[in-house]
Amino acid sequence: MAGGVAVLIAVVDPGGAAEAIPLLSSRSCLECHPGVAAEWQASHHAFAFENPEVRKLSNEFANEECLACHAPRPVLAFAPGERVLARGAERGLGVDCLACHGLPDGDGVATANPDPRSGAPCRPRTVPRMASVEHCASCHNQHGTVDQWRAAPAEFGGSALRGEGCLHCHMPEQRRSGGRVGADHAFRAAHDVAALQAAVEFDGGWDPAQAWVEVRNVAAAHNFPTDERSRAADVQVRWRGEDGAWGEWQHVWRLRDPYRDEVELTNTQLPAGETWRELLPVPEGSREGEVRLMYRTNPFQPDAEAAELHRVPLRP
């Protein structure tokens, strides 16, 4: 009986700390944290270096500005918000565990958890900066996303918009096996259709005199679309004639921040809380129409590969 109690106590309260492990690679994290690892492996952080679109747009990372954020050294080794540098090893892991959690002295990992298991092999320590926008800004403000967030209204339409930072939208609570609850490491954002659909409201109509379409940024607490200059959201319209046949989709408007060398273009991103609206000329003989919002991860992506976020009918 005494032996059984001793075993129970050892399981519930192991007492002494486990032997520390050297953290030379993020691969060391995956075995002890399988739930978090599975989320991260499905994320575009894990895919950051291998992403074929990124490699093409960066000329296989000949543009080294891109490499720094797609395979970064530990962010905590730099001042808050300071631009990071690229690491030389295991770049295929992209934005890996140690990129965000690695401590500069190599002695353990950083966490936003106020009560970490300090006796765990990876020696987690609470670092408040982990939950700050500055932690994300080192990479995600290269195209102004964090500055856009700072400029966003705190509230919109009677509800909180900007929130306290990046994590409440991009790392919501996730319940894992065994009942453990933690921040979602899938980082659902620009490559998640549901997140994109929730970011904006899309509407259109056909009043007696004129058809119209509008896009409202109601939930992205930064511009839409944001971050990568390659991302674009296109408004398209098509009409159905008296013969019942639908015409081709026609371009109406593009929401995008152009590349620096696209000097003939202007930034048409939609800031948080703002609305873009356009009147649509109706071709003679049209019985009805419809408008849709298409999202592209690069501006040259054909419709067949783009994501349709919303579609609205237009009827007189």
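**Loops, sheets and a pocket in a predicted chain**

Glu90 lies in the loop that connects α5 and α6, where helices (H or I, at least four residues) and strands (E, at least two) are DSSP runs numbered from the N terminus. The model is predicted, so to speak of local features a pLDDT of at least 70 is needed and side-chain atom pairs count only at pLDDT 80 or more, while totals for chains, interfaces and linings use all residues. Residues are numbered from 1 along each chain as its sequence is written, and side-chain values use heavy atoms, with hydrogens and water left out.

Glu90 has a positive phi of about 45°, although it is not a glycine. Most residues other than glycine have a negative phi, and most peptide bonds are trans. With a relative accessible area of 31%, Glu90 is partly exposed; here buried means under 20% relative accessible area, exposed over 50%, and partly exposed in between (1.4 Å probe, protein chains only). The loop between α5 (64-70) and α6 (97-101) also holds Glu82, which is partly exposed at a relative accessible area of 38%. Glu82 and Glu134 are separated by 52 residues in sequence, and their C-alpha atoms are 8.5 Å apart in space. A positive phi, of about 55°, is also found at Glu60, again not a glycine; Glu60 sits in the loop between α4 (52-57) and α5. Pro225 belongs to the loop between β8 and β9 (232-240).

Turning to the chain as a whole, it contains ten helices and 13 strands. Its C-alpha trace spans about 90 × 50 × 35 Å along the principal axes, and buried residues account for 43% of the 316 residues.

Two of the sheets can be described strand by strand, with two strands counted as paired if DSSP finds at least two bridges between them. β7 and β8 make a hairpin with four residues between them, and β7 pairs with strand β8 (residues 211-217) in the antiparallel sense over seven bridges. Within this pairing, Trp206 stands opposite Ala211 in β8, and the bridge partner of Gly205 in β8 is Trp212. Because five of its seven residues are buried, β7 is largely enclosed by the rest of the structure.

An open sheet of four strands has the order β10-β9-β12-β13, and here too the pairing is antiparallel. β10 (250-255) and β13 (307-314) are the edge strands, each pairing on one side only. Neighbouring strands of this sheet are turned by 20° against each other on average, direction ignored. Strand β12 (residues 288-296) and β13 run antiparallel and are joined by seven bridges; Met294 stands opposite Glu308 in β13.

Cysteine pairing was also examined. A disulfide is a covalent bond between the sulfur atoms of two cysteines, and the rule applied here asks for a pair of cysteine sulfur atoms within 2.5 Å. By this rule, the count comes to zero disulfides. The closest cysteine sulfur to that of Cys66 is in Cys69, at 8.6 Å, which is too far for a bond. Cys66 counts as partly exposed, at 23% relative accessibility. Cys100 is likewise in no disulfide, with the nearest cysteine sulfur, that of Cys136, 7.4 Å away.

Finally, the second largest pocket has a volume of about 280 Å³. A pocket, on a 1 Å grid over the protein atoms alone, is an open set of points where a 1.4 Å probe fits, with protein on both sides within 12 Å along at least five of seven lines, and lining residues have an atom within 4 Å of a point. Grid points are joined across faces, edges and corners, and the volume is the space filled by probe spheres set on the points. Of the 17 residues lining the second largest pocket, Leu23, Leu24, Pro74, Arg87 and Leu98 are the closest to its centre. By class, this lining has eight nonpolar, five polar and four charged residues, where Ala, Val, Leu, Ile, Met, Phe, Trp, Tyr, Cys and Pro count as nonpolar, Asp, Glu, Lys and Arg as charged, and the others, Gly among them, as polar.

Definitions and conventions. Axes fitted to C-alpha atoms, helices over the stretch in contact; angles between N-to-C directions.
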